[in-house]
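Keep the sequence and the 3D view open while you read.

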Amino acid sequence: MAASSWHWVDPLIGWQRAHDMLHPGGWMALLGHVVVRRTGEPEVYAATADLHERFCPGNPDWGHPPLEEDVRGTDEGWGLVDDPGELFGPTIVRWYPTVQWFTGDGFADHLRSLSLYRRLDREVREPLLDTVAERIRMRLGDRASRRYLSVLRVGGRAH
């Protein structure tokens, strides 16, 4: 089983190793999480996009999460990782929606834990996140959601 980590594994080596480690009849499971949004819902990224652009202009990683229905369209295969070829049989795919609620300060603290924000210089990161927290307090009633789709993809070892 790999949980939010398989994309770090070299596919030329990883799939074969996983196959070789499993007994005949064994299963490979990949678990991942995608931040998503729904049309018409207040969305924290949209509410703070101007702040991100002001403090860190031109960063290609800022932006809206994908729409939930677009992500759910990837309901076959192994998702965004390289296909293992004939090493594993057809996949079973299951989606599990989750919503996490934050205050402004809680959301800023959450962002501090993400590599996208940890890579920023402290002189940029801290004023940005303080301003994001204030925006959530003032415009979103100090209540911001982060919607996730967790996906489980399971496939049996072939031959």
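Which strands each supply at least two residues of the lining of the largest cavity? They are β2 (27–36) and β4 (144–157). This is a predicted model.

**The cavity**

- Rolling a probe the size of a water molecule over the atoms shows where empty space is left.
- The structure holds one cavity of 30 Å³ or more.
- The space in the largest cavity comes to about 80 Å³.
- Its lining includes Val35, Val36, Arg37 and Arg38. Glu41, Pro42, Glu43 and Tyr45 also line the largest cavity.

**Serine 150**

- Serine 150 is placed in strand β4, one of the strands that supply the cavity lining.
- Is serine 150 buried or exposed? Serine 150 counts as buried because its relative accessibility is 11%, and buried means under 20%.
- Leaving aside neighbours within four places in sequence, serine 150 is in contact with Gly32, His33, Arg94, Trp95 and Tyr96.
- Histidine 33 is one of these contacts. Serine 150 and histidine 33 are 117 residues apart in sequence. In space, their C-alpha atoms are 4.3 Å apart.
- The side chains of serine 150 and histidine 33 make a polar contact at 2.6 Å.

**Residues with a positive phi**

- Most residues other than glycine have a negative phi.
- Aspartate 142 is not a glycine, yet has a positive phi of about 60 degrees.
- Where is aspartate 142 placed? Aspartate 142 is in the loop between α6 (122–139) and β4.
- Aspartate 142 has a relative accessibility of 30%, so it counts as partly exposed.
- Histidine 159 also has a positive phi, of about 35 degrees, although it is not a glycine.
- Histidine 159 lies in the segment after β4.
- Histidine 159 is exposed because its relative accessible area is 67%, and exposed means over 50%.

Methods. Residues numbered from 1 in each chain as written. Predicted model: local features only at pLDDT ≥ 70, side-chain atom pairs only at ≥ 80, totals over all residues. Heavy atoms only, no water. 1 Å grid on protein atoms, 1.4 Å probe; cavity = no way out; pocket = protein on both sides within 12 Å on 5 of 7 lines; lining within 4 Å. Points joined across faces, edges and corners; volume = space filled by probe spheres on them. Helix = DSSP H or I, 4+ residues; strand = E, 2+ residues; numbered from the N terminus. Buried < 20%, exposed > 50% of the residue type's maximum accessible area, 1.4 Å probe, protein only. Contact = heavy atoms within 4.5 Å. Polar contact = N/O pair within 3.5 Å; in protein donor to acceptor, adjacent residues only side chain to side chain.
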